[in-house]
Amino acid sequence: MAGLYAHPDYYEIAFDFRDVAAEVDFFETCIDRFGDGATDADSVLEVACGPSPHLLEFDARGYDFTGLDESSEMISYSIEKARENDIEATFLRRNVADFYLPERVDFAFCALGSLYLDSNDALRSHLESVGDSLTGGSIYCIDGSIDFPGGTSSEHEWETTRGDTTVEFRIDQQPTNAAEQLVRQTVTTKVTDGDETHRFREEDEIKTFAPQEFRMVVEDSDFEHVGWFDSFDLSKPVSKCEPGTLHRPTTILRKQ
Ligand SMILES: C[S@@+](CC[C@H](N)C(=O)[O-])C[C@H]1O[C@@H](n2cnc3c(N)ncnc32)[C@H](O)[C@@H]1O
């Protein structure tokens, strides 16, 4: 795999801005508030885990961690991170659209808009895979990946420095097919690492999911839609937020 996803150490610097502990607080609140509470959740699956930024926090709170990603570099990096921290975790190189877990888990999440799927059929298959991986009454949280603005183009860029390394990151989305709701997502990165400079670029064509379209697919699956909340905050239901002000809207589903 070319691009930044083949360089997990630089990826981690680019996404250093997150408050991972606060995100895990939110996930635990969702489990307590919306899960069926029949069992104490003690195992978690991260879908499209990348370098597994939540691994240490979940492990410190007593969860068994499973991460799944299609990038062999990300999986190798996560395995090494677990080994260095003396954590027993499971990492699988799989496509999010269709996978199988040998053992069920009590919670699943997908962070940072990582549901790269190309059709509604792929979304159905994804929900079936996650549903088969979860115990009944468990919660699945999806950060991003729902197109609330609706078919618009977008551009975001930022710069992060750690030690001698600076990562300039840019992500663009341009609609390519209005009828199929496809967008081309381009990620360009410039890394200045001491005296060296590296440039990475990757493009993916992905399908966007309008909120009510997503909900209809969910209603046809083993999940029920619990709600949408912005900024990892249950006091901010998306239905009460001003359109255009959403920061990181999160979808909460419950396995029936
Ligand atoms: C933006 S990163 C997010 C990583 C991590 N979830 C985080 O919060 O930092 C997206 C990840 O999705 C993975 N990915 C993209 N498409 C995928 C697919 N179809 N199946 C599995 N993983 C995929 C990439 O390899 C990358 O690691």
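I began at Phe109, which stands opposite Cys141 in E5. I note that this is a predicted model, in which local features need pLDDT of at least 70, side-chain atom pairs count only at pLDDT 80 or more, and totals for chains, interfaces and linings use all residues. Residues are numbered from 1 along each chain as its sequence is written.

Next I looked up the strands around this pair. Strand E4 (residues 105–110) and strand E5 (residues 134–143) pair in the parallel sense over five bridges; pairing requires that DSSP find at least two bridges between two strands, and strands are DSSP runs (E, at least two residues), as helices are (H or I, at least four), numbered from the N terminus.

I then traced the whole sheet, which is open and mixed in its pairing, with seven strands in the order E3-E2-E1-E4-E5-E11-E10. Its edge strands, E3 (90–93) and E10 (223–229), each pair on one side only. From one strand to the next the twist averages 15°, where angles run from 0 to 180 degrees between N-to-C directions and axes are lines fitted to C-alpha atoms, for helices over the stretch in contact. Contact here is C-beta atoms, placed from the backbone, within 7 Å.

I turned to helix H4 (residues 72–84), which lies across strand E2 (64–69) and E3 and runs at about 170° to E3. Ile79 lies in helix H4.

Terms used:
Contact = placed C-beta atoms within 7 Å.
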